[in-house]
Structure formats: C-alpha cells, structure tokens
Amino acid sequence: MKLEILYEDNHVIVAVKPPMLPVQADSSGDIDMLTILKNYIKEKYEKPGEVYLGLVHRLDRPVGGVMVFARTSKAAARLSEQVRLRQIEKEYAAVIHGTPKKEGVLKDYLLRDKATNKTLVVKKGTPEAKEAVLSYRVEESKNGLSLVKIQLETGRHHQIRVQFASRGYALYGDIRYGDREEKGQIALVSHRLAFIHPTKKEKMEFSIDYKKRLKVPGFF
C-alpha cells in the first residue's frame with residue numbers, strides 16, 4: 001500500500017487513511033494504519049526497537065481521510081488536550097440521500113450499542129448517552145442526492161452517519177444505517193484537518209481533494 005504522507009517532523013505525522021483500513025489493530029487481524037506508519041518510521045529513520053506513535057483521534061474503518069498522529073508522548077498529550085477542548089477542526093465531505101435545508105446544526109444524544117456496533121439516537125438523560133453536535137452546509141444537489149460539507153464539534157462513534165440517517169438522509173453507500181444496498185464504499189471522507197502544532201504553537205491545516213475520493217455514480 002502506498003502511503004500518503006502530507007507532513008512529518010519530529011513531533012507529528014499527518015497522513016491520509018485509506019477507506020476500509022482500520023485505524024488500529026482490531027479483532028479482524030487486518031493490517032492497520034497505526035502499524036503501517038510505525039513500520040514506515042522504523043524503516044525510514046532506521047530506528048531500533050519499538051517505535052512510539054500516539055493515536056489522538058479516530059476514523060471509522062469504512063471512512064478515509066486526513067489524520068494526525070503524535071511521534072512523542074508530549075505531542076500526544078497536547079494534541080489530545082486539543083481534542084478534549086474541541087480545538088481541532090475536522091471537516092468532512094459526504095454525499096447523502098435527499099435534500100435537507102441549505103445549512104444547519106444537528107444536535108443529538110447518542111448511545112453506542114456494543115453488541116451490534118451501532119449507535120442510536122436517544123433521549124437526553126439516557127444513561128451513558130453522549131451529546132453529539134455537528135454543523136453542515138449543502139454544496140450541491142442532483143439526482144436525489146446532496147453533497148454536504150460537515151464540521152464536527154464532537155467526535156462520537158458513527159456520529160455523522162447516524163445523525164443524518166436518523167433524519168432520513170442516509171449517506172450514500174452506508175448499508176449499516178441506510179435502507180439501500182448500494183455497492184462501493186461509503187460516501188464520506190475527512191478532507192480537512194487543522195490543529196495547533198504541539199511544539200511550534202502554530203496553526204497547521206491540511207486538506208485533500210474530496211471529489212476524487214467520493215465514489216458516487218452519476219454525481220462526480
């Protein structure tokens with residue numbers, strides 16, 4: 001697999017995770033992004049022993065896009081704090097079924113069902129439920145589909161997928177939350193990421209061309 005590295009220094013590495021690749025090792029036993037990057041660092045810099053690489057945020061396995069990883073524990077702590085304070089900017093592009101209003105903010109309380117690995121929209125006050133907030137803007141609509149740009153304020157399990165699906169706007173290709181059996185990958189990509197560099201204290205921003213990555217027949 002050819003790695004897409006957007007930036008690297010002694011503190012962070014920014015790379016593009018391909019869709020259908022786990023972020024970290026799981027029960028599937030498939031190769032994962034974290035291991036691939038550790039092997040890359042080990043080989044490139046001829047590092048002996050175990051390579052440290054901190055995971056500070058995640059992407060669902062079916063979803064591809066820009067991610068930042070920490071190369072030191074100090075960088076990991078500082079980036080994790082930015083995640084906690086909602087200071088890391090994450091923008092997604094998706095193709096959904098239907099045409100919602102031009103822009104809006106979606107707020108829900110979500111509960112993850114570990115037995116089914118699905119997330120449910122539940123009432124406020126439900127035990128273990130977490131608030132989920134995102135804003136979106138419709139960029140284009142045609143053929144019963146809409147291209148939306150999404151900014152996450154929270155990073156919940158399957159958040160984008162379940163929040164849109166619960167309103168009748170399931171993501172194209174999302175069999176888990178939609179009612180269609182569409183072939184191909186889910187039409188969702190994390191195309192822009194911005195954060196404060198953990199040591200330079202400068203804002204860094206990275207983006208990729210989402211139109212080349214959203215595989216939707218008749219749309220792109």
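How many bridges join strand E5 to E9, and do the two strands run parallel or antiparallel? Let's find out together, keeping in mind that this is a predicted model.

**Stop 1: E5 and E9.** Select residues 89–97, which form strand E5, and then residues 145–152, which form strand E9. The two are joined by seven bridges and run antiparallel. For one example, show Glu91 and look across to its bridge partner in E9, Gln151.

**Stop 2: the turn.** Follow the chain from E8 into E9: the hairpin has two residues between the strands. Click on Asn143, which takes a positive phi near 55°.

**Stop 3: Ile150 and its core.** Select Ile150. Beyond its neighbours within four places in sequence, its contacts include Tyr92, Ala94, Leu134, Tyr136, Ile160 and Phe164. Ile150, Ile160 and Phe164 are the residues with the most contacts inside the largest nonpolar core, a group of 30 residues. Among the elements that each supply at least two residues of this core are E5, E8, E9 and helix H3 (159–165). Helix H1 gives the largest share, five residues. In soluble globular proteins, nonpolar side chains tend to be buried together.

**Stop 4: a second core.** Finally, select Tyr7, Val66, Leu145 and Phe219: they belong to a separate core of 28 residues.

Conventions: Residues are numbered from 1 along each chain as its sequence is written. This is a predicted model: local features need pLDDT of at least 70, side-chain atom pairs count only at pLDDT 80 or more; totals for chains, interfaces and linings use all residues. Side-chain values use heavy atoms; hydrogens and water are left out. Buried means under 20% relative accessible area, exposed over 50%, partly exposed in between (1.4 Å probe, protein chains only). Helices (H or I, at least four residues) and strands (E, at least two) are DSSP runs, numbered from the N terminus. Two strands pair if DSSP finds at least two bridges between them. A nonpolar core is a set of buried Ala, Val, Leu, Ile, Met, Phe, Trp, Tyr and Cys residues joined through side-chain atoms within 4.5 Å. Contact means heavy atoms within 4.5 Å.
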